[in-house]
Amino acid sequence: ASGLTHWLAQTPDGVNRLKTRVHRLGYDLVQLGELTEVNAKLAQATRRYEALSLLIAVLCMRQVSMYSTPEYLFSTAEIGQSEVLLLRWAQWVICLPVLIYSAKPIFSSAWRACIQARWSVDQPVALGLTIAFIYSSIQLHQLEGHVWFDSLAMLVTLLLLCRFLVNLQTRKAMAELMMIGP
C-alpha cells in the first residue's frame, strides 16, 4: 500500500536482472566494490577541475592586470581614448572565462544556498562578482569611470587558491586518518 518495492538479489544472475530493472527506471546501480572505483574517478575529476579552473583564473588574472595597469599609471589623454577602449574590451573578454568557468563553484554554491533557504559565504561573493562585472561592463565606454575587471579576476583567483589549498590539506588529512584506521 505504501508504493515501495523491495528487491532482493542473491545470485550473480539476480544482481544482473536487478541492475536491468533499476536501469529501466532511469537509475544506475553499483555494487560496493564498484562504488569505491566510481568515487576515486569522481575525486580525480574534481581535483582536475579545481586545478584547471585555478590555472585559467591565474592566467586570465595576469593578462587582465597587464591590460589594466596603464590606466592606473597614466591618464586617458596620455594613453589615447581608442587605446583605453581597446584595453578595456580586452579585459572584458579575458574576464569572461574567469566568471563562466573558474568562478562556477562559487556561483553554484551560492545558488544551492539560495534554493535551500540558507546563508553561505559564497552568496555575497557571487553577488559582488556579478555587480562588479555588470558595473564594469556599463563603464566600458565611460572613459572617466573605472572598471574593476582586474579586481574581479584577482578575487576569484585568490578564493580558488584558498579552496585548492584547503581541499589539498583536507585530502591529506583524510588519507592520514584512513591509514591510522580502527
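The side chains of Arg-171 and Glu-50 form a salt bridge, with an N to O distance of 3.6 Å. This pair joins distant parts of the chain, since Arg-171 belongs to helix H7 and Glu-50 to helix H2, 121 residues apart. The model is a predicted one. Arg-171 is partly exposed at a relative accessible area of 28%, whereas Glu-50 counts as buried because its relative accessibility is 16%, under the 20% limit.

Across the whole structure, a search finds four salt bridges. Another of them pairs Glu-71 with Arg-88, whose closest N and O atoms are 2.8 Å apart. Glu-71 is partly exposed, at 23% relative accessibility, while Arg-88 is buried, at 0%.

Arg-163 and Asp-122 also meet through their side chains in a salt bridge, at 2.5 Å from N to O. Here the partners come from helix H7 (Arg-163) and helix H6 (Asp-122), so the pair ties together parts that are 41 residues apart in sequence. Arg-163 is partly exposed, with a relative accessible area of 28%; Asp-122 is buried, with a relative accessibility of 8%.

In soluble globular proteins, nonpolar side chains tend to be buried together. The largest nonpolar core in this model has 21 residues, and those with the most contacts inside it are Leu-129, Phe-133, Phe-149, Leu-152 and Val-156. At least two residues of this core come from each of the helices H2 (32–73), H4, H5 (104–115), H6 (122–138) and H7 (149–180).

Leaving aside residues up to four places away in sequence, Phe-133 touches Trp-92, Cys-95, Leu-96, Leu-99, Phe-149 and Leu-152.

## Ser-102 in helix H4

Ser-102 is part of helix H4, which covers residues 81–102. The serine counts as buried because its relative accessibility is 0%. With residues up to four places away in sequence not counted, the contacts of Ser-102 are Ser-53, Ile-56, Ala-57, Pro-97, Val-156 and Leu-160. Val-156 is also among the residues with the most contacts inside the largest nonpolar core.

## Ala-117 in the H5–H6 loop

Ala-117 lies in the loop between H5 and H6. Its phi is positive, about 55°, although the residue is not a glycine. Ala-117 is exposed because its relative accessible area is 73%, and exposed means over 50%.

Note on methods:
Residues are numbered from 1 along each chain as its sequence is written. This is a predicted model: local features need pLDDT of at least 70, side-chain atom pairs count only at pLDDT 80 or more; totals for chains, interfaces and linings use all residues. Side-chain values use heavy atoms; hydrogens and water are left out. Helices (H or I, at least four residues) and strands (E, at least two) are DSSP runs, numbered from the N terminus. Buried means under 20% relative accessible area, exposed over 50%, partly exposed in between (1.4 Å probe, protein chains only). Contact means heavy atoms within 4.5 Å. A nonpolar core is a set of buried Ala, Val, Leu, Ile, Met, Phe, Trp, Tyr and Cys residues joined through side-chain atoms within 4.5 Å.
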